[in-house]
Amino acid sequence: MKIDLHIYCDQNKIYTQLEVVRNFLPTMKKAGIKYTFDLSELSTSEHENKEKIQKIIDTKSFQRGCEKLMKEWDKRSDSIIQAIQKIISSNIAPNDPIVFFNCYCIPFGCSGYFNTPNEIFINVLLNNTEFQIQTIIHEFFHLVYQTHTSGLEYSAREKFVDDLFNELPLKKEFPNYEAQNFNINK
Ligand SMILES: [Zn+2]
């Protein structure tokens with residue numbers, strides 16, 4: 001069972017995430033979480049939103065962000081997935097049997113978040129590519145151990161994921177991994 005994670009830049013998917021992220025703006029502000037949101041904080045018409053998002057998608061910085069992340073993932077995904085599979089198979093905690101993961105580049109929000117059962121969202125306008133790759137893996141572990149960690153409190157769930165990340169052999173691949181302390185999914 002080989003894990004497969006593909007990164008997409010999908011305009012319709014980005015549009016579906018606008019309200020998700022907008023609803024979490026107050027929480028992110030209150031918690032002092034780093035995020036970008038280059039849109040109106042108040043809901044506007046669907047047509048207006050689509051136009052604004054299209055403009056952001058067309059910017060060089062967003063396009064370059066997507067390309068950089070996809071390129072870096074292509075280069076390193078084999079060794080990263082191999083390391084992840086080693087960790088999952090040696091961990092006594094039961095994992096959810098998810099094989100296919102979809103990761104979407106988005107132009108707003110915090111560094112990253114997930115949507116069960118198999119979606120990951122990464123803001124490519126925030127942080128460098130290295131951090132974005134780490135965020136993918138972080139969110140990935142949340143999804144794989146979603147059932148196992150569902151009864152835990154927020155901080156315990158984060159600790160569970162960070163501990164997995166810090167296990168070899170990922171630590172070798174990402175010597176500068178920093179514990180992440182925010183996720184907009186509860
Ligand atoms: Zn997390």
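These exercises work through a predicted model of one protein chain.

Residues are numbered from 1 along each chain as its sequence is written. Because the model is predicted, local features need pLDDT of at least 70 and side-chain atom pairs count only at pLDDT 80 or more, while totals for chains, interfaces and linings use all residues.

**Exercise 1. The chain as a whole**

State how many helices and strands the protein chain has, and in which order they run.

Solution. 
- Step 1: Helices (H or I, at least four residues) and strands (E, at least two) are DSSP runs, numbered from the N terminus.
- Step 2: The protein chain holds 7 helices and 4 strands.
- Step 3: Starting at the N terminus, the order of elements is β-α-α-α-β-β-β-α-α-α-α.

Compare the radius of gyration of the protein chain with that of a compact globule.

Solution. 
- Step 1: The radius of gyration is taken over C-alpha atoms, and the globule rule is 2.2 Å times the number of residues to the power 0.38.
- Step 2: For 186 residues a compact globule would have a value near 16 Å, and the protein chain has 16 Å, which agrees.
- Step 3: The C-alpha trace spans about 50 × 35 × 30 Å along its principal axes.

**Exercise 2. Pairing of strands**

Which strands pair with β2, and in what sense?

Solution. 
- Step 1: Two strands pair if DSSP finds at least two bridges between them.
- Step 2: β1 and β2 run parallel and are joined by 5 bridges. His 6 stands opposite Asn 102 in β2.
- Step 3: β2 also pairs with β4 over 5 bridges, in the parallel sense. Here Asn 102 stands opposite Glu 119 in β4.

Solution. 
- Step 1: A residue is buried if 20 or more other C-beta atoms lie within 10 Å of its own, exposed if 12 or fewer, and partly exposed in between, with C-beta atoms placed from the backbone.
- Step 2: Tyr 104 lies in strand β2 and is buried, with 20 other C-beta atoms within 10 Å.
- Step 3: Two residues are in contact if their C-beta atoms, placed from the backbone, lie within 7 Å.
- Step 4: Tyr 104 and Phe 121 are 17 residues apart along the chain, and their C-alpha atoms are separated by 4.9 Å.

**Exercise 3. Two helices**

Compare the span of α3 with its expected span, and locate its kink.

Solution. 
- Step 1: The expected span of a helix is 1.5 Å times one less than its number of residues.
- Step 2: Helix α3 (residues 60-90) has 31 residues, and its 42 Å from first C-alpha to last is close to the 45 Å expected.
- Step 3: The bend at a residue is the angle between axes fitted to the seven residues ending there and the seven starting there. In α3 a kink of about 60° is centred on Arg 76.
- Step 4: The buried residues of α3 include Phe 62, Leu 69 and Ile 84. Among the elements that the buried residues of α3 pack against are β1 (4-8), β2 (100-106) and α4 (129-144).

Why is α4 described as largely enclosed?

Solution. 
- Step 1: α4 has 16 residues and reaches 23 Å from its first C-alpha to its last, close to the 22 Å expected.
- Step 2: 12 of the 16 residues are buried, so α4 is largely enclosed by the rest of the structure.

**Exercise 4. Backbone exceptions**

Find what sets the backbone apart at Pro 117 and Asn 127.

Solution. 
- Step 1: Most residues other than glycine have a negative phi, and most peptide bonds are trans.
- Step 2: The peptide bond from Thr 116 to Pro 117 is cis, with omega near 5°. Pro 117 sits in the loop between β3 and β4.
- Step 3: Asn 127 is not a glycine, yet has a positive phi of about 70°. Asn 127 belongs to the loop between β4 and α4.
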